[in-house]
Amino acid sequence: MLTLRTKILGLALILVGATLLIALSPTVLWSLRAQDDGLARWVNSASASYDAAIADRGNQLLSAAQLIAAKPALGRATPLGARQLALAGAAVTAHADIAILLDGNGEVAVHTGQLAESQTAMPGLVSRAMLSSSRRGLVTADNTTFETYTVPLAGDPAEGWLTLGFALDDRLANYLKRLTRAETTLLGTAQTPVRLLGTSLNEIARTHIETLTASDLLVENESLELNLGKTGYRSVSRRLIPGSPDVVVLLKRPVRPSYLAVTEVGGLILAVCLVAFGLAVGGAEILRRHLSRPIAQLQAAAKRIGEGQYGTPVLVKHDDELGQLATAFNAMQEVVAEREERIMYQAQFDELTGLPNRILALERIQEAIEDAEQTKSPVSLMIVDLNSFSEVGSSLGHEISDALRAQAAERLRASLDTRHILARLEGDQFLVVMRGQDSEQAMATANELLRLLSAGLAVRDVNLELDVSVGICTYPKHGDSPEKLLLRAAVARNDAKAASTQVHVYEAGREERHLRQLAILGDLRRAVRENELKLFLQPKIRLIDNRLCGAEALVRWDHPTLGFLPPSEFISIAEHSGNISLITEWALAEAIRECRFWQEDNLPLDVSVNLSGRDLLDQDLPILISSMLRDHDLEANRLVLEVTEEALVGDLDRASRVLGCLRNMGAKVAIDDFGTGYSSLAQIKHLPVDEVKIDRSFVMELPGNRADVAIVRATIELAHNLGMEVLAEGVENRSTLRWLAAHGCERAQGFMIAKPMPAEEFTAWAHNYTEDLQAKVESGHAQVDLSFAAGRDRRLQSAS
């Protein structure tokens with residue numbers, strides 16, 4: 001990790017470097033541009049000097065050739081030997097490397113130097129001389145290329161022609177170098193590869209010049225960058241003879257690399273950079289010393305705060321931002337200390353009552369167990385559950401319910417021995433930890449608490465009688481860890497609620513049932529999501545003609561580990577946990593889908609689905625059911641919604657509105673398990689109800705039980721008087737069925753007809769029942785005989 005010193009120094013150097021770069025870049029760019037401009041001017045100057053030198057040299061050589069050609073000794077009248085001597089003398093006079101006498105047709109008459117045997121005629125030189133005023137040409141002989149000047153003898157082309165040739169070699173290159181002040185190279189480009197004719201360069205450059213290609217030299221006057229060995233050159237190409245690309249002259253000037261151009265001002269730049277960087281390092285060191293000490297103090301303070309030490313302030317004697325930072329740091333330290341103290345309190349104590357919460361209670365239980373282990377004494381735990389506050393909160397508001405909870409906590413605190421520990425677990429549950437008390441002593445303490453709490457509570461003219469449930473367990477008899485003891489006290493509390501007794505001591509084995517209920521609760525949502533629920537159907541018949549009229553949808557749970565669960569084991573858990581709506585929605589969707597299949601299979605039957613009290617409080621339930629009916633194209637009058645009396649007692653007005661909406665849609669409403677709840681026909685006479693289902697407890701012993709006979713007969717009569725139909729559930733024998741039919745009960749349901757069956761078996765059963773009924777039952781209430789139906793039910797079950 002980089003230190004502060006390194007960062008400050010690095011930042012300073014970066015800033016100085018950036019500043020120097022910005023400041024010196026124009027100077028460097030100017031130097032480079034000046035070099036480029038100088039090279040451009042040199043190209044123009046070199047080209048002009050070359051043109052002047054070549055023109056001057058050409059004029060001189062042409063004049064010399066014309067003077068020599070005027071001598072009579074070279075004419076055809078002169079003997080051959082004399083002409084040979086005269087031609088040799090002319091070559092010496094003109095400093096020519098080769099001299100040739102041609103006749104009027106370009107045939108070679110006399111020559112000096114070495115010509116190839118094939119070079120007996122040179123008509124090209126004659127034709128060029130006649131067409132061009134410059135009379136210049138090129139001849140290659142003995143592997144040497146010559147620049148030639150061809151003129152007529154004595155001014156008469158018929159007399160013959162004189163050609164003087166000058167070798168294109170290093171001498172000419174050095175001559176041109178002196179005139180143009182540029183390195184000069186003569187290159188023959190008529191063949192590939194390029195042939196070096198002559199150059200003023202050294203031997204190293206010679207070996208690289210021959211690597212050039214003809215295409216590099218074809219563009220005249222073009223500036224080229226050449227690297228010949230370790231030396232770079234700026235060059236310009238010129239043709240030796242205008243219009244003839246066979247020989248190219250390269251004029252070159254050594255070019256220094258760009259960095260050498262910068263070195264012209266390099267000394268000044270280097271000095272400025274060294275001074276600037278020195279100042280930057282010095283300033284960075286001063287700044288570091290100014291910052292490092294207070295930062296180290298702040299770092300040490302942060303470490304102390306991280307370790308939970310808030311008492312030592314940061315002392316930084318600065319009037320600048322560092323001093324302000326230290327002051328802010330000290331203020332933050334105080335705030336953090338107060339906040340942590342408050343968080344620690346909230347993490348361990350209940351804010352409403354000031355009592356220890358569950359976390360601190362577990363620590364207190366552990367301390368009590370450790371003390372009891374040393375003293376060999378018992379410790380009892382008691383969970384006190386005040387069951388009345390949830391209804392108070394929903395009806396009178398949370399402010400009243402919180403005030404009542406605080407008063408109840410104060411009542412409990414005042415009634416307990418100072419040795420005991422009182423804590424609030426959650427909601428309306430309080431925990432009492434009693435050191436040195438066994439279960440019998442804890443029972444006596446619990447009864448005393450119940451006596452004190454029986455007086456009730458009063459807040460703002462609200463008087464509340466408490467419904468208290470107490471669960472007790474004891475160390476070491478019922479457990480040896482805080483978690484296990486707390487769990488078993490909760491199990492005992494639940495048993496007290498279920499048994500309608502106010503105090504219950506934990507009994508061995510009850511924990512498994514509690515854990516099973518927790519497992520069911522935890523898996524409920526997954527069961528709906530992963531389709532573990534199964535739809536069962538129990539048929540219903542019409543007693544006037546014994547025909548099948550519908551079926552009640554029942555839910556079973558095929559749990560992957562607990563096995564097949566009946567509704568009694570998970571429906572109540574779903575209702576208390578608020579998850580019953582998930583099961584209701586699933587059951588509605590499956591039942592409506594099955595009912596649609598029946599209609600398509602020529603089975604015009606109704607399907608009944610049970611609704612809970614929580615479902616009736618959902619104002620969106622009619623919208624949900626309407627959407628399901630529409631999705632499956634099912635008429636609403638095929639759906640019967642069954643509600644219990646207990647579901648109606650909670651909020652009768654709200655339930656009535658929801659049921660009214662459902663009935664207006666066309667669905668039918670039935671009161672399930674009638675006679676077992678808290679309502680009566682007088683209470684539900686204003687409800688939108690179509691049918692009353694008499695509970696099985698009043699039907700199973702008909703007609704032998706006189707009390708049941710009186711209750712059922714009165715219920716049927718009153719229901720009819722209110723415009724409702726009656727269905728009896730729990731029919732298990734023929735005599736019960738005959739009695740119900742004789743007394744005007746419209747429909748029946750029970751094991752006598754059929755047991756609940758999986759939905760996939762129902763359609764086959766229904767068709768078989770209808771066929772058997774058509775064959776064996778003619779009509780009338782008095783001749784009800786369903787033995788064939790029960791037999792069919794048994795045959796189907798054995799077959800499956």
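Start by selecting H95, in the loop between α2 (80-94) and β1. You are looking at a predicted model. The phi of H95 is near 60 degrees, a positive value in a residue other than glycine. Most residues other than glycine have a negative phi. Is H95 buried or exposed? H95 counts as exposed, because its relative accessibility is 66% and the cut-off for exposed is over 50%.

**Next stop: the hairpin**

Move on to β1 (98-102). Strand β2 covers residues 108-111 and pairs with β1 in the antiparallel sense, over 3 bridges. Select L101 and look across: V110 in β2 stands opposite. The two strands form a hairpin with 5 residues between them. Now click on G106 in the turn, which has a positive phi of about 90 degrees.

**Helix α3**

Select residues 123-131 to show helix α3. Colour L125, V126 and A129, which are buried. Turn the view to look down the helix axis. Where do the buried residues fall? They lie within an arc of 100 degrees, so they line one face of α3. In general, an α-helix has 3.6 residues a turn, so residues three or four places apart point the same way. What do the buried residues of α3 pack against? Show β1, β3 (136-141), β4 (144-152) and β5 (161-167) to see their partners.

**Two cis peptide bonds**

Most peptide bonds are trans. Go to Y475 and P476: the bond from Y475 to P476 is cis, with omega near 0 degrees. P476 sits in the loop between β16 (468-475) and α13 (482-498). Then jump to L702 and P703. Their peptide bond is also cis, with omega near -5 degrees. Here the loop runs between β24 (691-694) and α21 (706-721).

**Another positive phi**

Select N602, in the loop between α16 (580-600) and β21 (606-611). Its phi is near 60 degrees, a positive value in a residue other than glycine. N602 is exposed, with a relative accessible area of 65%.

**The second largest pocket**

This pocket holds about 470 Å³ of space. Select R542, L548, C549, G550 and P604, the closest to its centre of the 23 lining residues. Then show β18 (533-542), β19 (547-559), β23 (668-674) and α23 (759-776), the elements that each give two or more residues to the lining. Colour the lining by class: 9 residues are nonpolar, 4 polar and 10 charged.

**Zoom out**

Show the whole protein chain, with its 24 helices and 27 strands. Buried residues make up 44% of its 800 residues.

Technical notes: Residues are numbered from 1 along each chain as its sequence is written. This is a predicted model: local features need pLDDT of at least 70, side-chain atom pairs count only at pLDDT 80 or more; totals for chains, interfaces and linings use all residues. Side-chain values use heavy atoms; hydrogens and water are left out. On a 1 Å grid over the protein atoms alone, a cavity is a set of points where a 1.4 Å probe fits but cannot get out, and a pocket is an open set with protein on both sides within 12 Å along at least five of seven lines; lining residues have an atom within 4 Å of a point. Grid points are joined across faces, edges and corners, and a volume is the space filled by probe spheres set on the points. Helices (H or I, at least four residues) and strands (E, at least two) are DSSP runs, numbered from the N terminus. Ala, Val, Leu, Ile, Met, Phe, Trp, Tyr, Cys and Pro count as nonpolar, Asp, Glu, Lys and Arg as charged, and the others, Gly among them, as polar. Buried means under 20% relative accessible area, exposed over 50%, partly exposed in between (1.4 Å probe, protein chains only). The arc is that of the directions from the helix axis to the C-beta atoms. Contact means heavy atoms within 4.5 Å. Two strands pair if DSSP finds at least two bridges between them.
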